[in-house]
Amino acid sequence: LDTFGITLVELHKILELVFGNSYFTFDQKLYWQRDGLFMGCSPSPGAAIIAVYRMERNSIYTDIHYLNRLVHTNYCRYVDDNSSLAPDEDTAKQICDQISAQDSRGRIQWEIDFPQQNQFVPFLDTETKIEAEEGTLF
C-alpha cells in the first residue's frame with residue numbers, strides 16, 4: 001500500500017477528520033453528518049463497501065451452514081445494496097438478522113421484500129421476477 005509518504009498514524013488522523021467533519025445542505029439548511037459520510041461525497045461508496053463487507057464477514061461468512069447452503073448461491077451485493085433469494089421468509093429474516101447483528105449501534109436500516117408469485121422485486125436499476133416452478137424460485 002503506497003501512502004505517498006504519509007504514516008499510518010497521520011492517515012488515521014486524516015480519516016478521522018474526514019469522517020468526523022462531514023457537512024451537507026438540505027432544504028437550505030446546513031447539517032452535520034454525525035456518523036459516516038453523506039451521499040455524493042467521493043469516499044462514500046468505498047466507505048459503504050467496507051462497512052457492509054465487515055458486517056457480512058463477521059456474520060454470514062463465518063457459519064459454514066450459511067456459506068454452503070444459502071450465501072454461496074443466493075446472496076449478492078453491489079456497494080451497499082444486497083440481494084438474496086431464500087426458500088422462505090424465516091430464512092430471509094435469519095440472513096438479514098445475521099448481518100444486522102453486526103451493526104452494534106443500529107445505524108443501518110435493513111429492508112426485506114417478500115414478493116408473491118409473479119411479482120417483481122427491485123434491485124438497483126433492475127427488477128427480478130419471482131416465479132415458482134415445482135417449489136423452486138427463479
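Predicted model: local features only at pLDDT ≥ 70, side-chain atom pairs only at ≥ 80, totals over all residues.
How many aromatic pairs does the structure hold? There is one. F24 and Y31 form that pair, and their rings are stacked. The ring centres are 5.6 Å apart, and the angle between the planes is 20 degrees. The angle counts as stacked because planes under 30 degrees apart are placed in that class.

Are these two residues buried, partly exposed or exposed? F24 has a relative accessible area of 26%, so it is partly exposed. Y31 is also partly exposed, because its relative accessibility is 34%. Both assignments follow from the cut-offs: buried means under 20%, exposed means over 50%, and partly exposed lies in between.

Y31 is found in strand 2. Leaving out residues up to four places away in sequence, Y31 touches S22, Y23, F24 and F26. The list thus includes F24, the residue with which Y31 is stacked.

Strand 1 and strand 2 form a hairpin with two residues between the strands.

Q28 is not a glycine either, and its phi is positive at about 60 degrees.

D27 counts as exposed because its relative accessible area is 61%. Q28 reaches 83% relative accessibility and therefore counts as exposed.

## Two further hairpins

Strand 3, residues 75-78, pairs with strand 4, residues 81-84. The pairing is antiparallel and extends over four bridges. Which residue of strand 4 is the bridge partner of Y78? The partner is D81. Two residues stand between the strands of this hairpin, and V79 takes a positive phi near 55 degrees.

Strand 5 covers residues 120-123, and strand 6 covers residues 126-129. These two strands run antiparallel and are joined by four bridges. F120 has K129 in strand 6 as its bridge partner. This hairpin, too, has two residues between the strands, and here L124 takes a positive phi near 60 degrees.

## A buried aspartate, D103

D103 is found in the loop that links helix 4, residues 89-100, to strand 5. Is D103 buried or exposed? The relative accessibility of D103 is 6%, so D103 counts as buried; the cut-off for that class is under 20%.

With neighbours within four places in sequence set aside, D103 is in contact with M55 and I108.

## A nonpolar patch on the surface

I6, I14 and V18 form a nonpolar patch on the surface. Together the three residues have about 190 Å² of accessible area.

V18 lies in helix 1, which covers residues 8-20. V18 counts as partly exposed because its relative accessibility is 33%. A residue needs over 30% relative accessible area to be part of a patch, so V18 passes that limit at 33%.

## The chain as a whole

The chain contains four helices and eight strands. In what order do they follow one another along the sequence? The pattern is α-β-β-α-α-β-β-α-β-β-β-β.

The chain has 138 residues, of which 19% are buried. D103 is one of the residues counted as buried. The accessible surface of the chain comes to about 10700 Å², and 52% of this belongs to carbon and sulfur atoms. Among contacts with a separation of 6 or more, 34% are between residues 24 or more positions apart.

Conventions:
Residues numbered from 1 in each chain as written. Heavy atoms only, no water. Patch = residues over 30% accessible without salt bridge, like charges linked within 9 Å, V, L, I, M, F, W, Y side chains within 5 Å. Areas by Shrake-Rupley, 256 points an atom, 1.4 Å probe, with all protein chains shown as cover. Salt bridge = Lys/Arg side-chain N within 4 Å of Asp/Glu carboxyl O. Buried < 20%, exposed > 50% of the residue type's maximum accessible area, 1.4 Å probe, protein only. Pairing = 2+ DSSP bridges. Phe/Tyr/Trp six-rings, centres within 6.5 Å; stacked < 30°, edge-to-face > 60°. Contact = heavy atoms within 4.5 Å.
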